[in-house]
Amino acid sequence: MRVRRRKPDKTAAGGRSSTQPNSLFGEILDWMLAPLLFLWPISIIVTHNVADNIANQPYDRALADSVRALARLVSVEEGKVAVHFPAPPRALFRADQDDVVYYQVAHEGGDLVTGDREIGWTPAPPVLIPEDVLYRDDVIHGEEVRIAYQFLRPWPEPASPLVLVQVAETRNKRSDLASRVVTGVLLPQFAIIPLAVILVWVGLSRGIAPLNRLQSLIRRRRPTDLSPIAAASVPEEVRPLIVAFNDMMARLEENLQAQQRFIADAAHQMRTPLTGLRMQTELALQEPDPVALHESLSRIAQSTERASHLINQLLSLARAEASFEKLYAVETIDLRALVRDVALDLFPRAQAKNIDLGVEGGSDPMTVEGNPVLLREMIKNLVDNAIKYTPAGGSVTARTRYAGAPILEVEDTGVGIPEADRERVFERFYRVLGSGEDGSGLGLPIVREIAELHRAAVTLNPNPGGRGTIVQVVFPRGHVPPPPIQVYGDFPLG
C-alpha cells in the first residue's frame, strides 16, 4: 500500500495556489469593505423602519385628537345614540388633500350609527380604559389605512352596550415623510462610503509600509547573507514571523556548514585511497616479477574495493540526507521480509569469510511505515558492518521481535566496540583503532541518520556472550510514518 506523505506544493514550485490569498493588502481590504457593503442594505431597512415610526407618531396623535373630538359629539337621546356635528362631517374629516379620511360611530356588534361602513368592527379589549385611544392597521378599497378607535359607554349602567368611535386615514403623508427621512439619511451615506473606502485604502497602505520596507531589506541581501534580521525593527504582528525566519536561517546556515564539512571530509577520505591506489599502480607497472606483479594487482583490487565501498557509503549518506524517495514514497513495509532479503544478498560475502549468518524472527509479518529504499540501506549497513568486523568462524544474527514496538537487532561475535567509543562510532568517518579493518567510518552514521528519519532509536550494547556487539533499532509504536522533511535545495532543514 502506498501512502503519500506530502504532495508537491504548486506555490513552492513556481505556480500559484488558488486557495491561498495573493495579497495581504487585498485580503484585509476585502474583509473590511465586504461587511460594510453587507451592512449597508440592512441599515437602509432599519432606517426605513425607524422613519416609519417617526412619521407615525405625529400623525397618530392628530388621528387620536380626531377620535376624541368625534367621541365628544356622541350623546344619548331618548335611549338612542346620536351624533351632532357642528359642521358637515365631510368638511371635518375629508378636507385633507393628500389622504382620505374615514369616520364611523357604531353600536356594539357593528350596527352603524353614522359614518362610513368601510371601516370594519373590532372587538373590545379585555380591560377597557376610559379615554384610551387604540390603533390598528387595515385596508380600505385596496389602500393601507391607519385606524384610531375608542370604545365609549354612553349609558351609566356598567353592563350597558359599548359604542365604537373610529377614524381611519390613508398613509400617503406618512409614507412621504418616511421617504424624506430615509432620503435625508442615505444621501450623505453615498458620499461617506466612497470617502471611507479611500481613507481605508490610505490607512492600509500606510499600515503595510513596514512590510514593504522589510521586503526591500530582504531582497537587497546577498545570497550568502544568512545573518538574522533585527526583530525589534519590525511591527509586533510580524515579529513572530521574523523570529521563525531567523530560526530557519540559523538552521540553514548550520546545514550549509555541515555540508561544507562533509564535502571536506569526503574529499580527504577519498584522497587517501586514491593516492594509495595510484602508488600501487605505479609500483605494479615497474614490477618485472610475475609473482610480485600478481600481489601488487591483488592489493590494487583490494584498494579499489575499499574505494568503491567508500563511494557507495557516501552516496547512501547523501540519499539518507536528501532523497526523492524520502519525501514521497512512504509505504507499509514487512520488516521481517526485508531483513530476509538483505541477508540473502549478503550471504555470499559471509560465506566467503566463513561467517555463520542467520536470521531470527517469527513468520508473521512485522509492519512498519517507512521508505523501503532507505530501510533496506539501513539493514544492509548493519549486517555488512557486522560481517566486516567479525573474524572468520564467527557469527552474525539479524533478529526481529516485538516488545511493545517493532525492534530490529543485529548481533555479532566480532572484535566489539570499547565503551569509550560506543557513541563516537556514530560520528562520520570515525574509526575504532585496533580493529584490523579499514572501513569507511560511515556505516553506523548512515544507520542512525535513516533511523532518525523514521523516528526510530538506535542503541549499541556489548554482546552478553562476551565478544561482539548488539545494535538495536526500536521503531515507534504503531504505524507512524516519518515526519515531513523540509528541503532547501538538496539538504534537509530539520
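This is a predicted model: local features need pLDDT of at least 70, side-chain atom pairs count only at pLDDT 80 or more; totals for chains, interfaces and linings use all residues.
User: How many aromatic pairs does a search of the whole structure find?
Analyst: The search finds two. In one of them, W121 and F151 sit edge-to-face, with 6.1 Å centre to centre and 80° between the planes.

User: Where are W121 and F151 in the chain?
Analyst: W121 is in the loop between strand 5 (112-115) and strand 6 (134-140), while F151 belongs to strand 7 (residues 143-152). They are 30 residues apart, and the pair links distant parts of the chain.

User: Is F151 buried or exposed?
Analyst: F151 is buried, because its relative accessible area of 6% falls under 20%. W121 is partly exposed, at 32%.

User: And which residue pairs with F151 besides that?
Analyst: Y149 does, again as an edge-to-face pair: 6.1 Å centre to centre and 90° between the planes. Y149 is buried too.

User: What lies over the face of Y149?
Analyst: R136 does, at 5.0 Å from the ring centre.

User: Switching topic. Where is R171 found?
Analyst: R171 is in the loop between strand 8 (163-170) and helix 3 (172-207).

User: Why does R171 count as buried?
Analyst: Because its relative accessible area is 16%, and buried means under 20%.

User: What does the side chain of R171 make a polar contact with?
Analyst: The side chain of D137, at 3.1 Å. Leaving aside neighbours within four places in sequence, R171 is in contact with N56, D99, D137, E144, V145 and R146.

How values were computed:
Residues are numbered from 1 along each chain as its sequence is written. Side-chain values use heavy atoms; hydrogens and water are left out. Rings of Phe, Tyr and Trp (its six-membered ring) pair if their centres lie within 6.5 Å; planes under 30 degrees apart count as stacked, over 60 as edge-to-face and the rest as tilted. Helices (H or I, at least four residues) and strands (E, at least two) are DSSP runs, numbered from the N terminus. Buried means under 20% relative accessible area, exposed over 50%, partly exposed in between (1.4 Å probe, protein chains only). A charge sits over a ring if NZ of Lys or CZ of Arg is within 6 Å of the ring centre and within 35 degrees of the ring normal. A polar contact is a pair of N or O atoms within 3.5 Å; within protein, one must be able to donate a hydrogen and the other to accept it, and residues adjacent in sequence count only if both atoms are side-chain atoms. Contact means heavy atoms within 4.5 Å.
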